[in-house]
Amino acid sequence: MREKTKSAQEQYLEANFGLPDEDLKAIQEEMICQHCEGMALSTPELRILQFLIRLNGARRVLEIGTLFGRSSLALARALPDDGQLVTIERSAVNHGVAQGFFEKSPEASRIRSLLGDAKEVLKTLENEPPFDFILIDADKAGYLDYLLWAEKHLRVGGVIVGDNSFLWGGVWDDPEADVKAATAEKMKEFNRRLADPERYSSMVIPTAEGMTVAQKR
Ligand SMILES: C[S@@+](CC[C@H](N)C(=O)[O-])C[C@H]1O[C@@H](n2cnc3c(N)ncnc32)[C@H](O)[C@@H]1O
């Protein structure tokens, strides 16, 4: 395993506002081995999400985009004992790796890990009680569809978070952004909808990749 050199800021944050958690560390190490750690939410981002979940009193959380389950486990750890996290992953390999980590964790009974394309899996959740918190962190071209689903299946006062909502500059038409025009249009509409004060109270947390956070009115 080869870990990248950490900046002084990263070291400071890790020492003071880290997630000193052996299970999360094990997943991080697996991601480093598989060269996919850059796809996962960072520790400061996970702490923001845990904070929001606790502040909102969320008990039913949905995550679209599991990868190896680091964010799923971190979110599940912010839930009360009777809380539940449902997470969706399209890759059977990623789903299998995540499932292995979930089964070994004390949160196993609180995590439902579903395999399949989110657009199909979401249909199977339509008759369940509304969610309190929905994290969208999967294929960027799907964000608008996931939002339209989430709007109907989130309780009033519930929170939607979309990660990577700057689309690497695609939402302000950065010519360097390596994204399809159609995906950029969908992400612009995703942010526009969440910025509508009639529907949501919202903000963007200006992380490097952008994190749009909105509370349903
Ligand atoms: C950015 S990663 C998720 C990172 C994870 N939330 C974390 O922070 O550890 C995106 C994941 O979404 C999955 N994905 C992409 N498109 C999907 C879809 N249509 N349905 C379900 N999962 C999808 C990918 O296979 C990938 O594992």
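**Ligand surroundings and strand pairing**

Helix H4 (70-76) and strand S2 (84-89) each contribute at least two residues to the shell around the ligand. The model described here is a predicted one.

**The shell around the ligand**

- Among the 18 residues around the ligand, those that come nearest are Ala 40, Gly 65, Ser 71, Arg 90 and Ala 118.
- By residue class, the shell around the ligand comprises 7 nonpolar, 5 polar and 6 charged residues.

**Strand S5 and its partners**

- Strand S5 (residues 154-163) is largely enclosed by the rest of the structure, because 7 of its 10 residues are buried; a residue counts as buried if 20 or more other C-beta atoms lie within 10 Å of its own.
- Strand S4 (residues 131-136) pairs with S5 in the parallel sense, over 5 bridges, and Phe 131 stands opposite Leu 154 in S5.
- Together with helix H7 (residues 143-153), S4 and S5 form a right-handed β-α-β unit.
- Strand S7 (residues 211-216) also pairs with S5, in the antiparallel sense and over 5 bridges; here Val 159 stands opposite Gln 215 in S7.

**Helix H2**

- Helix H2 (residues 22-33) contains 12 residues and spans 16 Å from its first C-alpha to its last, close to the 16 Å expected at 1.5 Å a residue.
- His 35, which follows H2, has a positive phi, near 55°.

Notes. Residues are numbered from 1 along each chain as its sequence is written. This is a predicted model: local features need pLDDT of at least 70, side-chain atom pairs count only at pLDDT 80 or more; totals for chains, interfaces and linings use all residues. A residue is buried if 20 or more other C-beta atoms lie within 10 Å of its own, exposed if 12 or fewer, and partly exposed in between; C-beta atoms are placed from the backbone. Helices (H or I, at least four residues) and strands (E, at least two) are DSSP runs, numbered from the N terminus. Two strands pair if DSSP finds at least two bridges between them. A crossover is right-handed if, with the strands pointing away from the viewer, the path from the first strand over the helix to the second runs clockwise. A residue is near a molecule or strand if its C-beta atom, placed from the backbone, lies within 6 Å of it. Ala, Val, Leu, Ile, Met, Phe, Trp, Tyr, Cys and Pro count as nonpolar, Asp, Glu, Lys and Arg as charged, and the others, Gly among them, as polar. The expected span of a helix is 1.5 Å times one less than its number of residues.
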